Amino acid sequence: VSFRREKFVPKGGPSGGWGGNGGSVYMVADPNLNTLLDFTYKRVYAAGNGQAGGSSLKDGKDGDDVVIRVPPGTMVKVVDTGELIVDISVPGEKVLIAKGGKGGKGNAYFANATRQTPRFSEPGTKGEAYIVALELKLIADIGLVGFPNAGKSTFISSVSAARPKIADYPFTTLEPNLGIVRYKDYNSFTVADIPGIIEGAHEGKGLGLQFLRHIERTKVLLFLIDVTSDDYERDYKILANELKLYSKVLAKKERIIALSKADLQSEEEIKNMPQLKIKGVKGKIHLISAVSGYGMDNMLDVMWEKLQKLKEMEG
């Protein structure tokens, strides 16, 4: 509320300016980010307040917006209700999360022929505020599925520049790894190394639910089964069943099945191996070794062809 006080203007009129709008909070999908690690250290984000209106019809300055960068594949949910606000999946996508309040009107706005000296103004409105939970589901073309120590980390390190931790004990990988595979001259696709699944993973056993969700976004599943297993058909069925129990969508995804660690078999053993088959599974069962490179070129061809067929079907 303000009135003009100028020389030679004995009865100045109302001159209160509008208040500035409050800043808003946005999230943007940054393709350079792979994890939500930054939110471990900073958990509160607040946009700027709008400044109050001034005299002489001066409007207040709008508050500054806040832009929070998250990896593509981030789901934003309201903690209290579990309501999904947005699923940010497209790189570069910018989404409004919390809208800033609207600035109030100064008393000059309310002046008219019958009310020439309004002594009131309109207060601004409050902005939105949420406590949200962020959940990341990696977006990859191909997801690696297998028991701990099936050779997934070795596989992704051999076909891409990703360098996951590799050791000879289970659960070496404690977080998903994403690798970009260069295929031939100008093509590429992404592969996600999903931490080991065990029987009962859909109930949270092992690393369980913490990582099963990452497989939901992949287009093709590559099952890696240790060739030295005493029953690789049983291993495959356990893995397939865990995915089915977790999500019916996963059960319908295209899949490739490969027996890994062929380097642990001699040439003679490989030659004498019976024809690789799994009951109820159509298509070829591949034999590969990410260490020696055995069968890897063919595997890349199979992965690329599978992705291209899906692309044609979607298009």
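Colleague: Contact means heavy atoms within 4.5 Å. With that settled, which residues is M299 in contact with, leaving aside its neighbours within four places in sequence?

Modeller: F155, L222, I256, A258, H286 and I288. One caution first. This is a predicted model, where local features need pLDDT of at least 70 and side-chain atom pairs count only at pLDDT 80 or more, while totals for chains, interfaces and linings use all residues. Residues are numbered from 1 along each chain as its sequence is written, and side-chain values use heavy atoms, with hydrogens and water left out.

Colleague: Fine. How many helices and strands does the chain have?

Modeller: Six helices and 12 strands. They are DSSP runs numbered from the N terminus: helices are H or I with at least four residues, strands are E with at least two.

Colleague: What share of the 315 residues counts as buried?

Modeller: 42%. Buried is under 20% relative accessible area, exposed is over 50%, and partly exposed lies in between, using a 1.4 Å probe and protein chains only.

Colleague: And how many of the contacts between residues at least 6 apart join residues at least 24 apart?

Modeller: In this chain, 68% of them.

Colleague: Back to the inside. In the largest nonpolar core, which residues touch the most other members?

Modeller: I142, F155, F189, V191, L222, M299 and M303, out of 23 residues. A nonpolar core is a set of buried Ala, Val, Leu, Ile, Met, Phe, Trp, Tyr and Cys residues joined through side-chain atoms within 4.5 Å.

Colleague: Which element gives this core its largest share?

Modeller: α6, with eight residues. There is also a second, separate core of 21 residues, including Y232, Y236, I257 and L259.

Colleague: Now sheets. What is the order of the six strands in the open sheet?

Modeller: β8-β9-β7-β10-β11-β12, with mixed pairing. Two strands pair if DSSP finds at least two bridges between them. At the edges are β8 and β12 (285–287), each pairing on one side only. Neighbouring strands are turned by 30° against each other on average, direction ignored.

Colleague: How are those angles defined?

Modeller: Axes are lines fitted to C-alpha atoms, for helices over the stretch in contact, and angles run from 0 to 180 degrees between N-to-C directions.

Colleague: In what sense do β11 and β12 pair?

Modeller: Parallel, over three bridges. A258 stands opposite H286 in β12. α6 packs on the sheet, touching β7, β8, β9, β10, β11 and β12. Its direction makes about 175° with that of β11.

Colleague: At what angle do α1 and α6 pack?

Modeller: About 85°, with axes 12 Å apart. α1 and α6 are therefore roughly perpendicular to each other. For the labels, under 35 degrees is roughly parallel, over 145 roughly antiparallel, 65 to 115 roughly perpendicular, and the rest oblique.

Colleague: Which residues make the contact?

Modeller: F155, S158 and V159 of α1, and M296, M299, L300 and M303 of α6.

Colleague: Next, the sheet with three strands. What order are they in?

Modeller: β2-β1-β5, open, and again the pairing is mixed. β2 (66–70) and β5 (94–98) have a single partner strand each, so one side of each is left without a neighbour in the sheet. β1 (residues 25–29) pairs with β5 in the antiparallel sense over four bridges. M27 stands opposite V95 in β5.

Colleague: Changing topic to K253. Buried or exposed?

Modeller: Buried, because K253 has 18% relative accessibility. K253 is in the loop between α4 (248–251) and β11 (254–260).

Colleague: What does the side chain of K253 reach?

Modeller: The backbone oxygen of T218, at 2.6 Å. A polar contact is a pair of N or O atoms within 3.5 Å; within protein, one must be able to donate a hydrogen and the other to accept it, and residues adjacent in sequence count only if both atoms are side-chain atoms. Not counting residues up to four places away in sequence, K253 touches I215, E216, T218, K219 and L221.

Colleague: And N112, where is that found?

Modeller: In the loop between β5 and β6 (132–136). N112 is partly exposed, at 35% relative accessible area. The N112 side chain reaches the backbone nitrogen of R115 at 2.6 Å.

Colleague: Last one. What is the phi of K261?

Modeller: Positive, about 65°, although K261 is not a glycine. Most residues other than glycine have a negative phi. K261 sits in the loop between β11 and α5 (267–271), and is partly exposed at 21% relative accessible area.
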